[in-house]
Protein chains: 6
Amino acid sequence: MMNDPSSQTDARPDSRQSDQLRPVVFRNDIAPYAYGSTLIEWGSTRVICAATVEDRVPRWMQEQKVGGGWVSAEYSMLPYSTQGRKPRDISRGKIDGRSQEIQRLIGRSMRAAVQLELLGARSIWIDCDVLQADGGTRTAAITGGYVALSLAVQRLLAEDKLKESPLAQSVAAVSVGVVKGIPLLDLCYEEDAAADVDLNVVMTSRGEYVELQGTGEKTTFGSPALHRMLELAGNGVAELVKLQRDAIEAGANRPGPA
Amino acid sequence: MMNDPSSQTDARPDSRQSDQLRPVVFRNDIAPYAYGSTLIEWGSTRVICAATVEDRVPRWMQEQKVGGGWVSAEYSMLPYSTQGRKPRDISRGKIDGRSQEIQRLIGRSMRAAVQLELLGARSIWIDCDVLQADGGTRTAAITGGYVALSLAVQRLLAEDKLKESPLAQSVAAVSVGVVKGIPLLDLCYEEDAAADVDLNVVMTSRGEYVELQGTGEKTTFGSPALHRMLELAGNGVAELVKLQRDAIEAGANRPGPA
Amino acid sequence: MMNDPSSQTDARPDSRQSDQLRPVVFRNDIAPYAYGSTLIEWGSTRVICAATVEDRVPRWMQEQKVGGGWVSAEYSMLPYSTQGRKPRDISRGKIDGRSQEIQRLIGRSMRAAVQLELLGARSIWIDCDVLQADGGTRTAAITGGYVALSLAVQRLLAEDKLKESPLAQSVAAVSVGVVKGIPLLDLCYEEDAAADVDLNVVMTSRGEYVELQGTGEKTTFGSPALHRMLELAGNGVAELVKLQRDAIEAGANRPGPA
Amino acid sequence: MMNDPSSQTDARPDSRQSDQLRPVVFRNDIAPYAYGSTLIEWGSTRVICAATVEDRVPRWMQEQKVGGGWVSAEYSMLPYSTQGRKPRDISRGKIDGRSQEIQRLIGRSMRAAVQLELLGARSIWIDCDVLQADGGTRTAAITGGYVALSLAVQRLLAEDKLKESPLAQSVAAVSVGVVKGIPLLDLCYEEDAAADVDLNVVMTSRGEYVELQGTGEKTTFGSPALHRMLELAGNGVAELVKLQRDAIEAGANRPGPA
Amino acid sequence: MMNDPSSQTDARPDSRQSDQLRPVVFRNDIAPYAYGSTLIEWGSTRVICAATVEDRVPRWMQEQKVGGGWVSAEYSMLPYSTQGRKPRDISRGKIDGRSQEIQRLIGRSMRAAVQLELLGARSIWIDCDVLQADGGTRTAAITGGYVALSLAVQRLLAEDKLKESPLAQSVAAVSVGVVKGIPLLDLCYEEDAAADVDLNVVMTSRGEYVELQGTGEKTTFGSPALHRMLELAGNGVAELVKLQRDAIEAGANRPGPA
Amino acid sequence: MMNDPSSQTDARPDSRQSDQLRPVVFRNDIAPYAYGSTLIEWGSTRVICAATVEDRVPRWMQEQKVGGGWVSAEYSMLPYSTQGRKPRDISRGKIDGRSQEIQRLIGRSMRAAVQLELLGARSIWIDCDVLQADGGTRTAAITGGYVALSLAVQRLLAEDKLKESPLAQSVAAVSVGVVKGIPLLDLCYEEDAAADVDLNVVMTSRGEYVELQGTGEKTTFGSPALHRMLELAGNGVAELVKLQRDAIEAGANRPGPA
């Protein structure tokens, strides 16, 4: 991370510089019955990311005789993850529109990291359950989800269920935004609520874009702001990619299920 | 529209140039009981866009005592809009994830055009029902939705229910993508299905961004492709804004409901 | 239509005689991806009727090894079809009892027109979406649905998918009622709301009954009123049958989907 | 009932004449916690009919400030009422289309018997649960429902909750049909399954029509068949009205709930 | 039943002794289309219990290739079974938590009576619909459900569909509780509502336990109260077993469905 | 814990004695936005237990004007908590019968610990999400749920929202069962799957019963087995109560939300 004084701002609630990530820590193997799992702690945001494996592909792939495997994602906020209890989807009888949108985004992002034809006829589920929500839960889910996915692939390789890794590049995500006119990296909840513009960027370890989702509900934004945000995001993702690599190399600290 | 020969490509199914929109026509007042409505015909894509008005705001605004009005959107594909019948949401018991994501996008885009505090304590619903889907239904819904919204505002002004227009700028949307390595404006279905990258851009008449949604599920994309796509989109939206203006000036051709 | 002065009444909102239909126009091919479609405009009532074809029969026919094909219908009111927005079924989580009853009626009426054993192992869906509701939407849906069905059969014959038309007779429907003691043909919304008795009559081109649905919630009715209503309906349907024939002969004005 | 030899037919499974009802018996007070209840046994068809009272009106009446009371109905087939178990609606997650249609019919029929403005601000629910289904369950539900309703009104009068009976006339229903070309009164299941035409007739004790629902899915029908069916139904209902009167006079044989 | 004066109490609303059951009567064959059925009248509690047979096993048994048959139960309270109408599950869109819990209990209890491997590849459904609820509906459902099950087995044996009875022992259930400090057998609704402790006991004809469900929501309870309640329940079940035996021997009084 | 050699058994998968609990550890404050939370690790079973507070009571309490507060519980298994992914309730559209039964049990157990009239007009939700399921998840949820509840009460007292603790006694739960004829304390998954009898016992710190739920689906059980199981459970709960006390005294290690 750069310590460029010009990027400093007094406005951030936790005194971060405008181009500074919150601390990110991975606690692998939080859910040992999953094939791979990690608890990502990103500032005060905490998301349980778990990869489970099923030896079949979705019905549409069977029907359309598409070869290879599939990766899909589910995202949910635990009721106690927010200040003020959030009722469960099942109590409301339907999944939240926002959650559904996020889980589709996570799914697409994960599939961008995987060569599905090398996965065999199996599905990997990436479940992301938010334990604490302080902004950036979707980017934490993607960044942690990739770690869980990698740990699951490690195990599949170790168990000889895969001969070759289907992972060609890593995928990470970060939010950027404009708050009181200043482009900032990695918004916490307080900043996110005050942001004029919010842009979620999913990128690969090679620096290419996977997804861009920018919204200016409070105000619209011009090209210069867009370019500065993309620059901040690029640097942030590069840093996350390194943290992911370390977490994956550390691996799961126990044997898999019998 | 530019006739730049360098932008020509043999590949487009309808022989368009890479920076050329499909023809766009608005047929206003398709649903006369709505406050404003238009049928947008955009190439072979057809979307019914209708704005209806309710003299109350959503419960959360009442509870949180937020002043002003609200605009929300619903998006649905009629079962006969695709080749091969698409079952209705109600038959499946739940709204389609993709539809829900699109209607949230339309809602945010419409709200970007409106100064909600000038709307009074009322809600405007923008309903977008796809009659024929040949690619770009969400961008057609936004572009046509804004016309329906403007016609509804016209009538509210004419009926003295509004003293001042809450519309400060128009909003339109277009898709851009990369197909076989070539950035193209306004993908039809056949192009969309073959695209490596798909980017939906919502912009204002002032040339600022409202929403950016870019996905590279088939491949990732770098900065140069992103910049070219943004340039194509900017020109496309500028053209759409003019067509919208003409349609709104033509107005609804009949008196409102009693 | 008769111009019998004795049937005149000052009471009708649009100055029609008691035995006079509202003007009925068919706009074929409103939804070109359907196999057959028409927009029926019946006074101010407008219903999109579309016939789509699937190359399979419902599960119960498969399980019970019933030969031939099937025709079913769906009916829905678009949210902007009424004065005052009508929420979508999917927002309420379940289909409206009235809609369900109407779509069952449309389905039975369509099947009365078809020799199912000549249809082959395929299903035809008749989707009826109300664009504007000014009374008589169910009878418009049946009358327009039959036109959409006929256009679809035309195409199946033209494409050699059918050797012989399964349509032996046409089916049309009209409402009759008693308003302020006077039997009237073809009630508009204002009349329907004031009617003592409401009778929907579905008949064939041969003058036989397919369905009779008479309700006297506001008051009961005796034999003389019933007989006069049946007479009015018989004449109305005879007129509709001619209009259907013209619309079907005009045919769809474009080639089908590839 | 007439013993007209010309109406005789060998075809009926239980040797009835064409204009003969099956035996109808009412067993009042089958569900003592209801305000009024009866088990109607109509041939092998058995329906539990129960009227319960709530001291409030539906929300729409409150909102629209409609005075008086309301009567609504629910109809359900118990899973063991058919040969071959019928899964409960709740297992399928939604109410059966046919059941919904029938309960709307029962509700309208009951309301035709009641002067709602004399009911006070209360709702009466008529629940009809089919214990055994051998044809004619909807007409049994209406005929028995009226008895349950009358018993409930008796009690409301006895308890001084009503000063005046809101019941001005009784309502009963019967099915008629055409089987192998012969018009028949009161079809049992075997006849119903074989019928070309099926007509349900709801009438008052004064011989006026409340509802007519005729369907000719297997074939269409002309005026002569319609007239003969209406004649059979009129006689059948007249007989049912007498049986209802006796059952209501017998009354409930125990005191009401405290 | 013992006439032990020390067990006498003035407190019971119907003057029963503390160890005395309410009168229990079985009316077999209440639903003749079921394979076996009975109406159990237990004091003022009335439950329709019906056993229906399907010639297939649940999907999970098919998939896991488990041999033998299955028995499952459904429990529902009819809307008029309580003082104050209870809305149907289907109106609320989901099954009541309490009902679901009870039907799982009934299912387990019935399966305890059956040697599933002797049942053949068929399912028996035990449907329990409460007609009148005055306390103890779940124990009445189990006690009556076993009678319905036995009658169904009788018929299967008579029809040679079973060679050998899969029933090795009978199962019955009773509630016990502590009311104002006094352990009581078989609580009626008034007692149940006032009870400190409520214990439902399911036992076999051999005096062994199948299920114990004890709840002390109002207060907790110690060992002495538990032991006295178990003693009361044991005697109550012994008595019920005799009544069941008589009802089963009386049998169904008519031939089964063709 | 006793080290009685006579209770030794070779059969337990983890070499425990028949009367020995698995190790139980509480990790408080796992979800800092909750009012109180703990992760209970009980052998390989892990359950997140979180207490959140709402300043209102359920609607039925408002309507019936019941004073005091309320405690309710929700229980859910995370999809990766089992070997083989368990689909989320929301994917199936309804809550699992077993989960619903368990959450009702947890709710009753928590309420047994609380003097609701001392809670003020507020609701406490106890959410229990299973992270890893190796048998005994419901007893872990109750035992951990009480710790979360106590931590929440601590905070309410510290914040002066409560003047007096509404907790008069603690509540804990343990399972006992009979496996291969031997009564065992605290069954793990492998034992639970093989058990003839399974009994869940909820008790207070005073040694009284709150709930007893015993099931003998595989076989029935007599009095001696019941008595031995109750004895084992009593000792197990006594031990758990001590562990709970230590965890509660350790308290939450950080300040509450602002």
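Predicted model: local features only at pLDDT ≥ 70, side-chain atom pairs only at ≥ 80, totals over all residues.
Local features require pLDDT of at least 70 and side-chain atom pairs count only at pLDDT 80 or more, whereas totals for chains, interfaces and linings use all residues. Residues are numbered from 1 along each chain as its sequence is written, chains are lettered from A in the order in which they are written, and side-chain values use heavy atoms, with hydrogens and water left out.

The size of an interface is often given as the accessible area lost when the parts come together. Chain B and chain C bury about 3,000 Å² between them, 55% of it on carbon and sulfur atoms; buried area is the accessible area (1.4 Å probe) that two parts lose on being put together, summed over both. On the chain B side, B:Tyr33, B:Tyr80 and B:Arg85 lose the most area to chain C, together 29% of what that side buries. The contact (heavy atoms within 4.5 Å) involves 38 residues from chain B and 38 residues from chain C.

Polar interactions also span this interface. Between chain B and chain C, 14 residue pairs are in polar contact, both residues being at pLDDT 80 or more. A polar contact is a pair of N or O atoms within 3.5 Å; within protein, one must be able to donate a hydrogen and the other to accept it, and residues adjacent in sequence count only if both atoms are side-chain atoms. The side of chain B that touches chain C draws at least two residues from each of strand E3 (45-54), strand E4 (70-77), helix H2 (89-92) and strand E5 (123-132), these elements being DSSP runs (helices H or I, at least four residues; strands E, at least two) numbered from the N terminus. The largest share of that side, six residues, comes from E5(B).

Across the same interface, 10 salt bridges are found, each defined as a side-chain nitrogen of Lys or Arg within 4 Å of a carboxyl oxygen of Asp or Glu. In one of them, B:Arg88 pairs with C:Asp129, the closest N and O atoms being 3.0 Å apart.

Over all chains, the count comes to 128 salt bridges. Within chain C, C:Glu41 forms a salt bridge with C:Arg27, with the closest N and O atoms 2.9 Å apart. C:Glu41 lies in strand E2 (residues 36-42) and C:Arg27 in strand E1 (residues 24-28) of chain C, so the pair ties together parts that are 14 residues apart in sequence.

In the helix pair of chain C, C:Thr143, C:Tyr146, C:Val147, C:Ser150, C:Leu151 and C:Gln154 of H4(C) meet C:Leu240, C:Gln244, C:Ala247 and C:Ile248 of H6(C).
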